[in-house]
Amino acid sequence: MEPCYLGIDVGSVSTNLVIIDQKGEVLRSLYLRTRGQPIEAVKEGLKKLEEDWPAGFSIQGVGTTGSGRYLAGAIVGADVVKNEITAHAVAARLEVPEVQTILEIGGQDSKIIILRQGVVVDFAMNTVCAAGTGSFLDQQAARLGIPIENFGSLALKSQQPVRIAGRCTVFAESDMIHKQQMGHKIEDIIAGLCEALVRNYLNNVAKGKEILPPIVFQGGVAANAGMKAAFEKALNQEIIVPRHFPVMGALGAAWLAREYMQQNGNSTKFKGFRVAAEHFETYSFVCEGCSNLCEIVNIKGGDGKLVARWGGRCGKWEIL
Amino acid sequence: MRKVTFPHMGYSHIAFKQLIEDMGFEAITPCHPNRYTLDLGVRYSPEHACIPFKILMGNYIEALERGAEIIITSGGVGPCRAGLYGMTHEKILKSLGYDFRIVVFDPPLVNLWDFYWKLRFMVREARLSWRAFIDVIKRAWDKLKLLDEMEIKAINLRPYEVEKGSTTRAFHQCLQIIDRARTRKEMEEARRECHRILEKVPKDRSRRPLKVGLVGEIYCLLEPFINLEVERTLGELGALACRGVFLTGYTQTDVLGKGNHNVRLLAAPYLNQFVGGHGQNSVGETIFYAKKGFDGVIHVAPFGCLPEIVAKGVLPKISRDLDIPILTLTLDEQTGRAGVQTRLEAFVDLLYQKRRAKEVKGFGTLLPGYRCGLCQH
């Protein structure tokens, strides 16, 4: 049996699973919608992977990342639980070894990661403002009745992008409506929106950072050719969109699992595909031991045993 | 017996509770700030007030509901808005219909007479002789020092713990022991007991934790509820989080004195004037940590804090000049725990990578790692 490694990235909007082989080649990759139910998404992903399993491989390590990394890690039995910034940097380095700048725009957050000589030296992350993230583009595409897949190619048709206020989604939307009622062409409005979002990203998330090539653009929004073009125009540089751009987090997590297992040489904690059929129950309560009133979250497995528990501040609930 | 309350700040309430009780009042110890405190505070505070104001507001309302008649608090000077907070709290709380008296102690050097009259008022209310009062103050001060000592010890030991969370558990046990000790003798026993408890936590001494400096606004640094337990999080990620700001040290240098001279001198090339609050300190301490060879600095600031915004503007230049990574965390009621956790984890990863790269360049010599010791300067 050849060894392979599983990476799971549980984000707010999408849940991605990637299987890589020893050399880091992607054997399978899945991009699923989280739909507010991370546990269900992970189970669905595992089921799909099992149905379409690459013959002759067996999982030797599992890494999780994304905002749901602890949850996913507890459920599937992860060897490595890593934050998404490190995971994204690792994956970009795999695809483009000399990378110096990573622009990442996901469903609910956006980040910039600066690397020098293969080492992360700076990063910034925007989790407060939704302007410029995938969710907002999704929403605008739906409002205009354009399938999100065509959003980018439509933007590329524009000759005269209009200027849209991109500081905040609320202002951006009302400005877009204003421009549309003035009679501007839809592709010009869309291209203008892409430019506004890029401007917003560069002025907020990437403020004060030295953006040097090679620049890699990844995350779900990298599928949008209009955004890529807007970045190229704003930075006057070539932008590389890696092959596996939507699942870079999961790819990084898988690679980190591989590194970890090679260094430590233990057997994996992976619980196997039976997890997909297991029923998990989560419930929370407020601890009234003191006036901190911590919210403790419990996750129970199918056999009624506690899988994970967190949320306490004094540490007394951390003993399972 | 008059009922007296005071602000909650880190673990200092244990000492203040004793102070109030020893003076002969009934102490209405403020709650640990929690979601309800914050909700309450946010509801009755101006939207753009900073988070310490909102937490205090919530705590005061809770205490007044429990019957507090006197609020003792500290004031401030300079461009920082905290100097106005006492009166603003008073105005808002009075308009909500509460009947109480608020005593705001400004640093004595600002107005010695004012300080004296307020102190005299409290001592008279307590019907204490000045001599007895001085004894009470001294014991409370000893307790405050004991609390800081244990907190520093816990911070220093946490990166070595074998089982995650065990140091935190032991530390909370210590807090209870310290709370119970009242006389000097009991406190001395408590001190030994706490040291023993913390030392008993199983540790892995072969680790080489990163050393991270914590700078920023004092309330955000001291109150774990607001900073989302940045010290514990860092400790459990294997980083020693040192901070220069502890309540006892700060009282000695900044409340009773004219500020930490060394820190101000260090800051001068980048920020040569007092901008209020801890702005200049944040700059000076960052330089201090950079020169001491720390791996990185974390800067915590309440959202909308002018002094810290000034400091934040200066920090990127220091980061470049002295080659030290700096992460700023801006905190308010909108701050999510997950975002802070992710940033801290990524920051620690960054620091480890940086150290490894340095070690590679140094032909495999391992950088020292850090022995535990007091990290106050």
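This is a predicted model: local features need pLDDT of at least 70, side-chain atom pairs count only at pLDDT 80 or more; totals for chains, interfaces and linings use all residues.
Let's start with chain A as a whole.

Now helix packing in chain A. Please find helix H7 (residues 186-204) of chain A. I'll take two of its partners.

One partner is helix H5 (residues 148-156) of chain A. The axes of H5(A) and H7(A) lie 8 Å apart, at an angle of about 100°. How do the two helices sit relative to each other? They are roughly perpendicular, because angles from 65 to 115 degrees fall in that class. Who makes the contact? From H5(A) come A:Phe151, A:Leu154 and A:Ala155. From H7(A) come A:Ile186, A:Glu187, A:Ile190, A:Ala191, A:Leu193 and A:Cys194. By class, that contact of H5(A) with H7(A) holds 8 nonpolar residues, no polar ones and 1 charged.

The other partner is helix H4 (residues 134-144) of chain A. Here the axes of H4(A) and H7(A) come within 12 Å and cross at roughly 170°. That angle is over 145 degrees, so H4(A) is roughly antiparallel to H7(A). H4(A) contributes A:Phe136, A:Leu137, A:Gln140 and A:Leu144. H7(A) answers with A:Ile186, A:Ile190, A:Leu193 and A:Leu197. The count for the contact of H4(A) with H7(A) is 7 nonpolar, 1 polar and no charged.

Next, some single residues. First up, A:Thr64. It sits in strand S4 (residues 57-65) of chain A. Is A:Thr64 buried or exposed? Its relative accessible area is 1%, so A:Thr64 is buried. Beyond its close sequence neighbours, A:Thr64 is in contact with residues including A:Ile8, A:Ala72, A:Val76, A:Ala253 and A:Arg69.

That brings us to A:Arg69. This residue lies in helix H2 (residues 69-76) of chain A. At 2% relative accessibility, A:Arg69 is buried too. What does A:Arg69 touch? In chain A, its contacts include A:Thr64, A:Val81, A:Lys82, A:Asn83 and A:Glu84. A:Arg69 also touches B:Gln341, B:Thr342 and B:Glu345, so look across to chain B here. For scale along the chain, A:Arg69 and A:Leu293 are 224 residues apart in sequence and 25 Å apart in space, C-alpha to C-alpha.

Compare that with A:Thr268. It is in the loop between helix H9 (248-264) and strand S11 (281-286) of chain A. A:Thr268 and A:Gly61 are 207 residues apart in sequence, yet their C-alpha atoms are 5.1 Å apart. Contacts of A:Thr268 include A:Ile59, A:Gln60, A:Gly61, A:Val62 and A:Met261.

Over to chain B. B:Cys242 lies in strand S6 (residues 239-243) of chain B. With a relative accessible area of 0%, B:Cys242 is buried. B:Cys242 and B:Leu214 are 28 residues apart in sequence and 5.8 Å apart, C-alpha to C-alpha.

Last topic: salt bridges. The count over all chains is 43. Here are three of them.

In chain A, A:Lys111 pairs with A:Asp109 at 3.5 Å between the closest N and O atoms. Both A:Lys111 and A:Asp109 are buried.

In chain B, B:Glu199 pairs with B:Lys153, with the closest N and O atoms 2.4 Å apart. Which elements does this pair link? B:Glu199 is in helix H8 (residues 184-200) of chain B, and B:Lys153 is in helix H6 (residues 130-157) of chain B, 46 residues apart. B:Lys153 has a relative accessible area of 15%, so B:Lys153 is buried.

B:Lys185 and B:Glu189 meet at 4.0 Å, N to O. Both are in helix H8 of chain B, 4 residues apart, about one turn of the helix. B:Lys185 is exposed at 63% relative accessible area, and B:Glu189 is partly exposed at 42%.

One more for the viewer. Shared partners join B:Glu21, B:Asp22, B:Asp135, B:Arg139, B:Asp142, B:Arg182 and B:Arg184 into one salt-bridge network.

Note on methods
Residues are numbered from 1 along each chain as its sequence is written. Chains are lettered from A and ligands numbered from 1 in the order in which they are written. Side-chain values use heavy atoms; hydrogens and water are left out. A salt bridge is a side-chain nitrogen of Lys or Arg within 4 Å of a carboxyl oxygen of Asp or Glu. Buried means under 20% relative accessible area, exposed over 50%, partly exposed in between (1.4 Å probe, protein chains only). Axes are lines fitted to C-alpha atoms, for helices over the stretch in contact, and angles run from 0 to 180 degrees between N-to-C directions. Angles under 35 degrees count as roughly parallel, over 145 as roughly antiparallel, 65 to 115 as roughly perpendicular and the rest as oblique. Contact means heavy atoms within 4.5 Å. Ala, Val, Leu, Ile, Met, Phe, Trp, Tyr, Cys and Pro count as nonpolar, Asp, Glu, Lys and Arg as charged, and the others, Gly among them, as polar. Lists of a residue's contacts leave out its neighbours within four places in sequence.
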